[in-house]
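Take a look at the sequence and the fold, then read on.

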Amino acid sequence: MSEESIVIIGAGHAGVQAAVRLTELGWPGRIVLVEEQDGPTYERPPLSKEYLKAGASDEIPALRKEHYFDEKRIERIKGSGVVGLDREARNVTLSDGGQVQYSKLIIATGSQARPLTVPGSDLPGIHLLKTRADAEALRTAMQPGSEVVIIGAGYIGLEVAAAAAALGCATTVLEFQDRVMSRVTSDVVSRHFEELHQEHDTRFVFGTAVTEVRGDGRVQEVVTADGATYAADVVVAGIGVVPRQELAEAAGITVKDGIVVDLDSRTSDPSVYAVGDVTRLIDEENGINRRLESIQSALAQAINAANHIMGQAPARHEVPWFWTVQHGVRLQTAGLRSPDDDVVVRGTPESGHFSVLYLRGGRLAAIDTIAALGDFTAGKKLVASGAHIDTDLAADPANKLTTAVRELVDETR
Ligand SMILES: Cc1cc2nc3c(=O)[nH]c(=O)nc-3n(C[C@H](O)[C@H](O)[C@H](O)COP(=O)(O)OP(=O)(O)OC[C@H]3O[C@@H](n4cnc5c(N)ncnc54)[C@H](O)[C@@H]3O)c2cc1C
């Protein structure tokens, strides 16, 4: 029999981590990492943060240096994506017509930025932000004094708004909901960040839907449902992402807004794993059904896929966590909040350092920390252990968060 091969589709955070973990565990066969984009691997978080700042370096940090792949004998195919998957023959077809056989396949194709679909959406001057090329184009377009209209007040929209304002652009954010980051955080945190951006002259228009983009040859204005118009040299759509599940779907693998995987990153085909933004993790026993777009989740899933392939136990299930930085203020989140959670504010937003605890049935389910690293570190552990919290003690930042624990529920969750 020919040598066993693992083919990984996508050399983003999840795909590269899967390759790294497989080599660490001593996979004896070939590892082939296929990436449709050319050039070195790269980290995505800086694309909407450091990279957009005035005078920022052109360098985007690599996920691994190119010589790492050579040293570990990870074969790289760059600039040629996978366009077909034949599960019966166990091979993938590349856009250049080549084929690669696999014994195990790991799909790590990530997500794509959801495009605008209103009339005028194809006008030059409208940007999405997902790839290195997108970031380069946006950085070139955002010049001091230009009118930048951002559609969507989620993480990406707000990080771009901070960069645009710092560059001296006239910055407007249009948002359908009535507050920023409404999908992921509570009112108190939303308002804090809204004020922060307003202090840097960013204008917000809430409760508004974009209906059209107009311009003569390139974008000039954005139109909303109430008939208002907003002058724009640059438009950035930060309206979410869509999983790149089409290969799996066409091949008959189960998808439900994301390729469905279990805690070991297995899909409905025992030879095929999926990791990162492209997945939906479903674990009915533990009540998990979610699609997460975060580095931490991508890395954890990649490690679990490699572990399973190599017959290792899954890594301990880490609490999901995420961060964003806007105007130098770091918001770190651990756990997944639900809109029905009880909210306890620890400290005061006015001080610039505070945390928000989300309690479900008295237990700490999630925490947001604003410039409060100690609370983040402690909170992450308490979320993992399902701690019961004394809300009076927790609300006073003079107490360490750990002193507010009434009872640790489950150390092994
Ligand atoms: C601007 C920006 C800022 C972000 N900031 C943060 C942050 O601060 N914190 C955080 O936790 N997360 C952040 N994220 C989200 C994070 O980057 C993603 O969750 C993470 O990249 C997911 O990893 P992935 O490997 O699943 O996907 P990706 O990193 O997107 O990699 C997927 C790769 O697959 C390739 N690919 C797709 N289809 C094919 C194919 N058919 N053939 C070959 N190759 C293919 C793509 O070209 C891509 O390189 C940010 C994302 C963006 C875009």
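This is a predicted model: local features need pLDDT of at least 70, side-chain atom pairs count only at pLDDT 80 or more; totals for chains, interfaces and linings use all residues.

**The ligand and its surroundings**

Start with the ligand. The shell around the ligand has 32 residues, and Ala-14, Glu-35, Glu-36, Lys-49 and Asp-277 come nearest. What is the make-up of the shell: how many residues are nonpolar, polar and charged? The shell divides into 14 nonpolar, ten polar and eight charged residues.

How much of the ligand does the protein bury? Taken alone, the ligand exposes 1,000 Å², and the protein buries 96% of that.

Which elements give two or more residues to the shell? They are helix H1 (13-24), strand S2 (30-35), helix H7 (295-309) and strand S22 (321-326).

| Helix | Residues in helix | Span, first to last C-alpha | Expected span |
|---|---|---|---|
| H5 (187-199) | 13 residues | 18 Å | 18 Å |
| H7 | 15 residues | 21 Å | 21 Å |
| H8 (373-384) | twelve residues | 17 Å | 16 Å |

Take H5. Its span is close to the expected value. Its buried residues are Val-189, Ser-190, His-192, Phe-193, Glu-194, Leu-196 and His-197. In an α-helix there are 3.6 residues a turn, so residues three or four places apart point the same way. Keep that in mind when you trace the buried positions on the model. What covers the buried residues of H5? The cover includes helix H4 (155-166), strand S12 (203-205), S22, strand S23 (329-335), strand S25 (353-360) and strand S26 (363-370). Just after H5, Asp-201 takes a positive phi of about 70°.

Now H7. Its buried residues are Gln-296, Ser-297, Ala-298, Gln-301, Ala-302, Asn-304, Ala-305, Ala-306, Asn-307 and Ile-309. H7 is followed by Gly-311, with a positive phi near 75°.

H8 comes next. Buried here are Asp-375, Phe-376, Ala-378, Gly-379, Leu-382, Val-383 and Ala-384. Gly-386 follows H8, and its phi is positive, near 65°.

Begin with Ser-5, in strand S1 (residues 5-9). Is Ser-5 buried or exposed? Its relative accessible area is 5%, under the 20% cut-off, so Ser-5 is buried. Beyond its neighbours within four places in sequence, Ser-5 is in contact with Trp-27, Arg-30, Gln-101, Tyr-102, Ser-103 and Lys-104.

Ile-107 sits in strand S7 (residues 104-107). Ile-107 is buried because its relative accessible area is 1%, which is under 20%. What does Ile-107 touch, not counting residues up to four places away in sequence? Its partners are Ile-9, Leu-85, Ala-248, Ile-259, Val-272, Tyr-273, Ala-274, Val-275 and Val-278. The C-alpha atoms of Ile-107 and His-353 are separated by 40 Å, and the two residues are 246 apart along the chain.

Arg-183 belongs to the loop between strand S11 (170-174) and H5. Is Arg-183 buried or exposed? Its relative accessibility is 68%, over the 50% cut-off, so Arg-183 counts as exposed. Leaving aside neighbours within four places in sequence, Arg-183 is in contact with Glu-293 and Arg-337. Gly-154 is 29 residues from Arg-183 in sequence, and their C-alpha atoms are 7.9 Å apart in space.

Finish with Gln-332, in strand S23. Gln-332 counts as buried because its relative accessibility is 11%, under 20%. Leaving aside neighbours within four places in sequence, Gln-332 is in contact with Phe-322, Trp-323, Ile-367, Asp-368, Thr-369, Leu-373 and Phe-376. Phe-376 is also among the buried residues of H8. Gln-332 and Leu-196 are 136 residues apart along the chain, and 16 Å separates their C-alpha atoms.

Definitions and conventions
Residues are numbered from 1 along each chain as its sequence is written. Side-chain values use heavy atoms; hydrogens and water are left out. Helices (H or I, at least four residues) and strands (E, at least two) are DSSP runs, numbered from the N terminus. Buried means under 20% relative accessible area, exposed over 50%, partly exposed in between (1.4 Å probe, protein chains only). Contact means heavy atoms within 4.5 Å. A residue is near a molecule or strand if one of its heavy atoms lies within 4 Å of it. Accessible areas come from the Shrake-Rupley method with a 1.4 Å probe; for residues, only the protein chains shown count as cover. Ala, Val, Leu, Ile, Met, Phe, Trp, Tyr, Cys and Pro count as nonpolar, Asp, Glu, Lys and Arg as charged, and the others, Gly among them, as polar. The expected span of a helix is 1.5 Å times one less than its number of residues.
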